[in-house]
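Dear colleague,

I am passing the structure on to you below, and after it you will find what came out of going through it.

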Amino acid sequence: MLLSGSGKPQFGEGNREVGEAPLGRPVWAAVGGSLMSLCLPFTGVATMKFKSPPVNSLSLEFLTEFSISLEKLENNRACRGVIITSTLPKIFSSGLDITEMCGKSMEHYTEFWRAVQEMWLRLYGSNMVTVAAVNGSSPAGGCLVAMSCDYRIMAENPKFSIGLNEAQLGIVAPFWFKDTFVNVVGHRIAERSLQLGSLHPAPEAHKLGLVDELVPEEKLMERAAAVMAQWLALPDHARQLTKTMMRKAVLDRLVAHREEDIKNFVTFVSKESIQKSLRMYMEMLKKRKS
Ligand SMILES: CC/C=C\C/C=C\CCCC/C=C/C(=O)SCCNC(=O)CCNC(=O)[C@H](O)C(C)(C)COP(=O)(O)OP(=O)(O)OC[C@H]1O[C@@H](n2cnc3c(N)ncnc32)[C@H](O)[C@@H]1OP(=O)(O)O
């Protein structure tokens, strides 16, 4: 992932610490792990770019790096907003890495699911302004990442789709995926879309309110910066308290039921019938390619 931003530098780039420039001015800070890049320029707005080929699947390693990056930004007082996008053509994120949910131990499933929860708690509960610049397809967990942001701008290409398609895989979106979805599009649209496991092409996603606006792909980052500036024009404390008021109940629900949710996931995903569905789905993806 690539992460970039400005302000008071606190990050290291690989092994290189980024510190004060000779004149005492903060320098551009680049952080990164291998799976995303992060930069924080003088504007106080970070850009986080997923870069985990082939399709930015949310593996345990990716989720861990994502959460650490968010924590670093959150703790950096100079950082007020983050734009999340992808370096890969046509793909924002393919969602949870299915291979993490196939043929692994109970311990692994537990660790993986805790990492999924952690990422969501950090992103959905972030004090920063979060804008998703969705420059490609974004199924399931990828859709969750976009929906957890404050605002979604999607490239207007109808070949790109977004949605919670879990039902198509024979699995069930957990209650907090569903809650996030309901908070974005409302109960009726969420119910129909979840039951059918729909992936909505960009124009339809816009009509449903799943994304806030569509722009030509080449204008995506420019528009994301403009939206960010609009949101940052307000005093942080008022915006943050309002965000908390809107999201707290849903966040609290997972916090209160976190261990139970992990147990449910592990029990569910360990079932032979679910393993079979996931294996068949992976085979279908491979066949579709050939
Ligand atoms: C009671 C309930 C209690 C608890 C709940 C329990 C459990 C359920 C909760 C689980 C919630 C799950 C959330 C998820 O996110 S599941 C993942 C859903 N994702 C998808 O369905 C997307 C699948 N992928 C695609 O549709 C396409 O790959 C995509 C993204 C449109 C890109 O298409 P394309 O560019 O043509 O690329 P390929 O299809 O050729 O893919 C390249 C390569 O990547 C592999 N791959 C794709 N997606 C994934 C993935 N999500 N995980 C792992 N691997 C993936 C694909 O197989 C190819 O591999 P290859 O080796 O053939 O190169």
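Of the 18 residues of H10, the number buried is zero, so this helix lies largely in the open; a residue is buried here if 20 or more other C-beta atoms, placed from the backbone, lie within 10 Å of its own. Helices (H or I, at least four residues) and strands (E, at least two) are DSSP runs, numbered from the N terminus. Please keep in mind that this is a predicted model, in which local features need pLDDT of at least 70 and side-chain atom pairs count only at pLDDT 80 or more, while totals for chains, interfaces and linings use all residues. Residues are numbered from 1 along each chain as its sequence is written.

Around the ligand there are 29 residues, the closest being Ser-94, Gly-95, Leu-96, Ala-140 and Gly-141, where a residue counts as near if its C-beta atom, placed from the backbone, lies within 6 Å. The elements that give two or more residues to this shell are strand S10 (136-139), helix H9 (258-270) and helix H10 (272-289).

Strand S10 also pairs with two other strands, and pairing requires that DSSP finds at least two bridges between them. With strand S8 (residues 90-91) the sense is parallel over two bridges, and Ile-91 has Ser-137 of S10 as its bridge partner. Two bridges likewise join S10 to strand S12 (residues 161-163), again in parallel, with Gly-163 of S12 as the bridge partner of Pro-139.

As for the whole chain, it holds 10 helices and 14 strands, and 44% of its 290 residues count as buried.

With best regards

Key. A residue is buried if 20 or more other C-beta atoms lie within 10 Å of its own, exposed if 12 or fewer, and partly exposed in between; C-beta atoms are placed from the backbone.
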